[in-house]
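Visitor: Could you take me through this model slowly, and tell me what lies behind each term that you use?

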Amino acid sequence: ELAGCRLGLSTLGNVPQEEIVGVRAPFLEYNRAMFDAMSEQGWLYDSTIREHPFWGDGTASWGSLLSEGVYNKVWPYTLDHGLGQLCDQDIGGDTCADPDWIHPGVWEVPLWSLDHENGENRGLMDVTTVSVLQENFNFRYHGNRAPFGVYLHATRTNEANLKTFLDWAAAHEDVYFVTNRQLIEWMRHPLDIDQMRATGPNAALRRAQEAGGGAYGSGGGAGEAGG
């Protein structure tokens, strides 16, 4: 199915297959077989696994071994040593806690939730309330600077609200709108802020190519992500 989707997108969308390198599972339902297929077919990143708090008794506990709250969320990471997040899925008794969930070279770009400051989850997708987007952007901007993703279905998007938010975010210093591919290549070949201001986010991709890893480096990714 992964190979067929890539072929269909390439054929109908006139996009080279080698440029289609990222996955989000339908209905956010993933399993180990999907990640096995990603490794076999050379996919570079997944962005399916939800990163969100579990709310109960007035407190939040995080769906990750790594996030510590709204100001300190997990960054993208490789599956070289398995999954760092807690599983949403338990399919046929096969959970991602199993050590077989090790897929060197594949990256996970978490599906970050939008939250209240107290950790209560406000949603994952199709949230275009300007105040909610601004509040969560500020958590990142004034926190550990983890990327901020905005996940949308085209038919459910309030375009005016989205534009208002994007214009507001763009007015902040040192904010870049990037793809997952640009994000991961920056993590693999980081540039300091002066270099970013001088060259822009594509410079990390060029550095990966110069390092001999081709368009994607030796294990980078692609897709959509934020400031």
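Guide: Let us begin with residue classes: Ala, Val, Leu, Ile, Met, Phe, Trp, Tyr, Cys and Pro count as nonpolar, Asp, Glu, Lys and Arg as charged, and the others, Gly among them, as polar. By these classes, the lining of the second largest pocket has ten nonpolar, one polar and three charged residues. The model is predicted, with local features needing pLDDT of at least 70 and side-chain atom pairs pLDDT 80 or more, while totals for chains, interfaces and linings use all residues. Residues are numbered from 1 along each chain as its sequence is written, and side-chain values use heavy atoms, without hydrogens and water.

Visitor: What makes a space a pocket, and which residues lie nearest the centre of the second largest pocket?

Guide: On a 1 Å grid over the protein atoms alone, a pocket is an open set of points with protein on both sides within 12 Å along at least five of seven lines, and lining residues have an atom within 4 Å of a point. The second largest pocket holds about 270 Å³, a volume being the space filled by probe spheres set on the points. Of its 14 lining residues, L2, C5, V23, R24 and P26 lie nearest the centre. Helix α1 gives the largest share of this lining, four residues.

Visitor: Why are α1 and α2 called oblique?

Guide: Angles under 35 degrees count as roughly parallel, over 145 as roughly antiparallel, 65 to 115 as roughly perpendicular and the rest as oblique. The axes, lines fitted to C-alpha atoms over the stretch in contact, with angles from 0 to 180 degrees between N-to-C directions, cross at roughly 55 degrees and come within 10 Å. The two helices, α1 and α2, are therefore oblique to each other. Where they touch (contact means heavy atoms within 4.5 Å), L2, A3 and R6 in α1 meet M34, A37, M38 and Q41 in α2.

Visitor: How do you know that β2 and β7 pair?

Guide: Two strands pair if DSSP finds at least two bridges between them, helices (H or I, at least four residues) and strands (E, at least two) being DSSP runs numbered from the N terminus. Two bridges join β2 to β7, which run parallel, so the pair meets the requirement of at least two bridges. Within this pair, Y45 stands opposite W107, and D46 stands opposite E108.

Note on methods:
On a 1 Å grid over the protein atoms alone, a cavity is a set of points where a 1.4 Å probe fits but cannot get out, and a pocket is an open set with protein on both sides within 12 Å along at least five of seven lines; lining residues have an atom within 4 Å of a point.
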